[in-house]
Amino acid sequence: MSKVKVDQNAADFIYMDDIHQPTHDKNLWNARMKRDTAASGIPEWEQMRDLASQIKEHTLTHLDHYVQQFVTEATKRGVTVHFAKDDIEHNQTVYDILKSHHATKIVKSKSMLQEECDMGAFLEARGIELIETDLGERIQQLSGEMPSHIVMPAIHKTTADVAELFARTIGTDPNEDDPKQLTEAMRNNARPKFLEAHAGLTGANFAIAETGAFVVCTNEGNADLTASIPPLHIASIGIEKILPKTKDLGLFIRLLSRSALGTPATRYTSHFMGPRESGTEMHIVLTDNGRSRRLGMEDFWRSLKCIRCGACMNTCPVYRRSGGLAYGATYSGPIGIIIDPTFDESKFSELPFHSSLCGSCSEVCPVRINIAEQIGLWRQRMVNINESSKTLHYAFGAVEKVFANPKLFRLAEKAAYYGMKLTPNWLLYHKKLNAWGKHRELPEIKKETFRDWYIKNRLKK
Amino acid sequence: MSSLEELLAAIRQNLPAQKVDYPEIPTYEKQGANLKDKFIVNLGLSGGESYDVGSIDEAKEIMQQKLPDTRVTCSATSEWEGSKSIHDIAHPRELEDVDLGIIRAEFGVAEMGMIWLTENSLQVNSLGFLSQHLAILLDPDLITENMHTAYRKIDFQASTYGCFVMGPSATADIGAYLVRGAQGARSLTVFFLKQQI
């Protein structure tokens, strides 16, 4: 797989126009502020983060036990559980279930695991008609793009973009750009598809070992429509979604949507404990796809605690600027940086360098994943396996020499002043050379260095 | 395809050596909280409305004023008779023409303004999601404080499906504008009323 060129992708977004990037930034920061308000309203918030982290670490360090218990309990409730070691097995299993039920029209609610496995393309290539029912996912499906955010898949698009897309794909009036009317148009477009679907596919936010139940959180109610009408429900669940007990949900439901969007919870928190009525079936595809291997990575296994709230993305200054598509992966933002390379170190080698290491992600993570620290460790790993960018490699090599030598450092300070003076703006802010330059002026470099000033003003006295 | 044994073997091969204990989880109950008041405020945050009523007729009248164009009503509770009988439903999709669905909630959660529904209260699960609008009956004495106390109340063996519903369906996926009435109910009205036996 060829390397994802994050800087170039980011530049494409930043330089698109003067609307997309600032709007993206504003909307995500707004979500972050709402998260802060919601969190500050709960005195036990920080303790809840500690407990949620501990429950996840407990589960992951005893994962064999809890997987076994979950499978036993779900099976008792009449659910058929399948096992997939990777994306290929996952997709094939889903397809085989659909085929044995002659199901060719399916509706699905949002599942990051199904995205990760690129299931949509696999099924469509085999003649399955598949409709995303989460509005953001549907927008992305119609645009042929990956989700750019794990909670708000189309947040990089403006209302005008969606108006244009819907006019082109579902026949709305191209001049209709009221979000309410566009949402209504999609509601009316999706309704008949729910009614005639042969099967409904969902993911899961949590799976409970104690009862074999799994939980799906949505705001639209689309997972419930997906599961309550067709006679067949297939849920794709990653092994890291398991929690030991029902009571754990109290903690995680309180944390999830407050961290994601600043709302107390999602509008629908749906629990599935078995097939709906006689004549209907429920299947779970319990999927590994690199998770067990990640569990064995000493520095990185804690990324498996992630509950996919997206708080780290909303707060990340780099993500807010570059947009999620820049990461070229199912998981973008800070959490993507530490998960994606476990799938392909070479393809995603530039991701760990796409961070300011400000640490804000670790501060908002509801399960206290040491995201920023892991980004630093991934950088080391990329340098060690020689996958880091050569330009960066030489640049940092040079910086190391300069910083280690006082004389060279002084010379470099002076050179920076003259360098900045002499470099024309078209070069300093060139899109290809500096993707981050737009709307950002470099600070003026003074001719007098701090050292000069100190010697003149303080040293004698 | 893989087997459970293969999956477990892959996990065991990679389990972190240092084990972490399972913690005690408090229920964070606060002394003297007025649960009904909290419920009303939090329901309002998600766009739901609530009324104290003395009878089903009073609730019907309020809904008639709010939604005068309602034609098809369907009720999952014998207290309120709808125009369409839920007992005659052969397939869940037959509820697609329902303007107003009426359901008695099993309990409410003050912290979130949520109500708990299962197939026992829904009769046909799709009633909760195909109905254009929802009227929910809730016994004000059946409001629990928060999610911790809520999960203590639920018997997962007693149903195959259960859902916490918090106000009407919503999305902000287009330009981050909040729109109510995404795929599920466009509005949700709670009536505080004890079940008449």
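Because the model is predicted, local features need pLDDT of at least 70 and side-chain atom pairs count only at pLDDT 80 or more, while totals for chains, interfaces and linings use all residues. Residues are numbered from 1 along each chain as its sequence is written, and chains are lettered from A and ligands numbered from 1 in the order in which they are written.

**Stop 1: chain A**

Select chain A. It has 22 helices and ten strands; helices (H or I, at least four residues) and strands (E, at least two) are DSSP runs, numbered from the N terminus. The C-alpha trace spans about 90 × 55 × 45 Å along its principal axes. Colour by burial next. Buried residues make up 51% of the 461 residues in chain A. Buried means 20 or more other C-beta atoms within 10 Å of the residue's own; exposed means 12 or fewer; partly exposed lies in between, with C-beta atoms placed from the backbone.

**Stop 2: helix H5 of chain A**

Select residues 87-100 of chain A, helix H5. Its 14 residues should span 20 Å at 1.5 Å a residue, and the end C-alpha atoms are 20 Å apart, which agrees. The expected span is 1.5 Å times one less than the number of residues. Now show the buried residues of H5(A): A:Asp87, A:His90, A:Asn91, A:Thr93, A:Val94 and A:Leu98. They cover an arc of only 160° around the axis, which puts them on the same side of H5(A). That arc is taken from the directions from the helix axis to the C-beta atoms. Turn to the face away from the buried side. It carries the exposed residues A:Ile88, A:Asp96 and A:Ser100. Just after H5(A), pick A:His102, with a positive phi of about 50°.

**Stop 3: where A touches B**

Show both chains. The contact takes 74 residues from chain A and 62 residues from chain B; two residues are in contact if their C-beta atoms, placed from the backbone, lie within 7 Å. Select helix H10 (residues 179-196) of chain A, which gives the most to chain A's side, with seven residues.

Then select strand S9 (residues 268-272) of chain A and strand S9 (residues 161-165) of chain B. They pair in the antiparallel sense over five bridges; pairing requires at least two DSSP bridges. A:Ser270 stands opposite B:Cys163 in S9(B).

**Stop 4: a sheet in chain B**

Six strands of chain B form an open, parallel sheet in the order S1-S12-S7-S4-S2-S3. Strands S1 (49-52) and S3 (84-85) stand at the edges, each with a single partner strand, so one side of each is left without a neighbour in the sheet. Finish inside: three bridges join S2 (residues 73-75) to S4 (residues 100-104) of chain B. B:Ser75 has B:Ile102 as its bridge partner in S4(B).
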